Amino acid sequence: MTALMMILGIVVFVVGLLFSIAWHELGHLSTAKLFGIRVPQYMVGFGPTIWSRHKGETEYGIKAIPFGGYIRMIGMFPPGEDGRIAARSTSPWRGMIEDARSAAFEELKPGDENRLFYTRKPWKRVIVMFAGPFMNLVLAVVLFLTVLMGFGISQQTTTVSSVSQCVIAQSENRDKCTSGDAASPAAAAGLKAGDKILSFDGVTTESWNQLSDLIRATPGKEVPIVVDRKGEQLTLHATIATNQVAKKDSGGQIVQGQYVTAGFLGFSAATGIVRQDLGDSVTWMGDRIGEAAHSIAGLPGKIPALWNAAFDGAPREPDSPMGVVGAARVGGEIFTLDIPPTQQLAMALMLVAGFNLSLFLFNMLPLLPLDGGHIAGALWEALRRNLAKVLRRPDPGPFDVAKLMPVAYVVAGVFICFTLLVLVADVVNPVKIS
């Protein structure tokens with residue numbers, strides 16, 4: 001049964017992956033057609049074609065290797081000195097193949113002279129190239145909101161899980177009381193495991209972060225605490241101690257290894273599945289976007305640890321970079337966890353949402369052959385053309401992004417090497433959520 005659930009989880013992730021790729025390319029396709037650019041091909045996957053159908057002037061199909069996708073647009077680059085125009089692809093890897101094999105050109109048809117990508121105004125080209133990553137961002141937001149507001153996420157609540165018997169500075173990293181430790185305010189007030197704190201110092205408590213902030217802000221003060229104990233409301237009184245506690249960031253998350261002096265009550269909060277309102281969901285997503293951007297910026301610094309995990313048997317760090325194979329494995333593990341099916345589905349949706357968020361941020365890097373590189377090229381063209389107009393100089397014409405292809409080869413080579421390293425680590429030393 002466990003193996004079957006593992007397979008089910010992998011299938012769910014692969015389906016989500018394929019939909020994400022198709023959704024990304026649909027953004028490019030729809031905007032290209034909107035601006036009159038001819039698109040001969042729309043494909044999900046790479047390698048041999050296993051199914052395709054022509055509709056209008058575009059061939060739609062599915063290929064054998066489900067690790068990417070592309071659309072082909074004619075005239076992606078300005079013609080070279082020989083006047084020849086190549087059909088280019090929005091896929092980085094497909095684009096590299098097309099550059100390496102000069103024979104892979106799409107023949108122009110009568111009337112295509114006015115339907116070339118490079119002839120469109122820069123702002124239109126920016127929209128076409130941005131539309132793909134933007135679709136991933138939209139999908140990520142929809143999935144995140146579905147989970148946060150529909151299913152809920154596991155977080156600390158205002159219910160008491162356990163009560164500390166004494167006051168211990170959190171930086172001391174110990175949980176046993178000594179004779180010199182003062183009794184905790186929670187124990188002295190009679191707070192018990194299972195109590196649900198309804199209000200603190202006259203303020204109704206609706207979330208753990210709110211309650212935690214109230215406690216931290218009242219050191220030395222005697223406060224009334226209203227609790228629900230097995231259906232009965234009781235009012236307890238506690239004098240909040242001053243203690244060294246873990247620092248929290250603006251989003252309410254604990255900052256590891258940093259401490260502040262603040263109020264201390266002395267209990268651990270129970271965790272539960274809590275649905276978020278729209279405001280909390282937006283804040284949560286903002287924090288995740290910031291964390292994801294920081295993680296992408298920090299990828300080079302994680303390569304040594306990833307190498308050691310792949311080849312030297314070092315432990316795989318929980319925040320280690322993970323590829324499609326590793327993510328599929330995690331998707332399988334989710335469906336083997338001993339949690340309700342609704343939470344299994346919620347975690348699977350979160351995984352696909354996180355994948356789409358990473359696709360958006362990664363593709364926005366201003367490097368060829370990524371979408372962000374083409375966006376940067378179009379913006380540079382607009383800048384220099386407008387500057388020439390202001391200075392009353394001749395129009396410099398379209399910026400030839402093809403001149404940057406040597407850089408694109410280097411960037412693509414680095415990406416391929418990094419992808420292979422992640423693949424090896426995912427196979428021999430995978431990240432495990434359990």
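Analyst: In what follows, helices are DSSP runs of H or I with at least four residues and strands are DSSP runs of E with at least two, numbered from the N terminus. Residues are numbered from 1 along each chain as its sequence is written. The model is predicted, with pLDDT of at least 70 required for local features and 80 or more for side-chain atom pairs, while totals for chains, interfaces and linings use all residues; side-chain values use heavy atoms, without hydrogens and water.

User: Where is R392 found, and why does R392 count as exposed?

Analyst: R392 is found in the loop between α10 and α11 (405-428). Exposed means over 50% relative accessible area, buried under 20%, and partly exposed in between, with a 1.4 Å probe and protein chains only. R392 has 81% relative accessibility, so R392 counts as exposed. Its phi is near 55 degrees, a positive value in a residue other than glycine.

User: Why are the buried residues of α5 said to line one face of the helix?

Analyst: In α5 (residues 208-216), the buried residues are W208, L211, S212, I215 and R216. Seen down the axis of α5, these residues fall within an arc of 135 degrees, so they line one face. The arc is taken from the directions that run from the helix axis to the C-beta atoms. Their cover, by contact (heavy atoms within 4.5 Å), includes β4 (153-163), β9 (241-248) and β10 (254-264).

User: Which atoms meet at the start of α5?

Analyst: A side-chain oxygen of S207 comes to within 3.3 Å of the backbone nitrogen of Q210.

User: How do you know that helix α8 is mostly covered?

Analyst: Of the 11 residues of α8 (residues 324-334), 8 are buried. Among them are G326, A327, V330, E333 and I334. The elements covering the buried residues of α8 include α1 (2-34), α9 and α11.

User: What kind of peptide bond joins L368 and P369?

Analyst: The bond between L368 and P369 is cis, with omega about 10 degrees. P369 is found in the loop between α9 (341-363) and α10 (371-390).

User: Where does UniProt place the feature "transmembrane region"?

Analyst: The unreviewed UniProt entry places this feature at residues 126-151, 345-365 and 407-428; such annotations may be inferred rather than shown by experiment. In the model, residues 126-151 are 100% helix and 0% strand, with end C-alpha atoms 36 Å apart. Residues 345-365 are 90% helix and 0% strand, with end C-alpha atoms 31 Å apart.

Note on methods
Polar contact = N/O pair within 3.5 Å; in protein donor to acceptor, adjacent residues only side chain to side chain.
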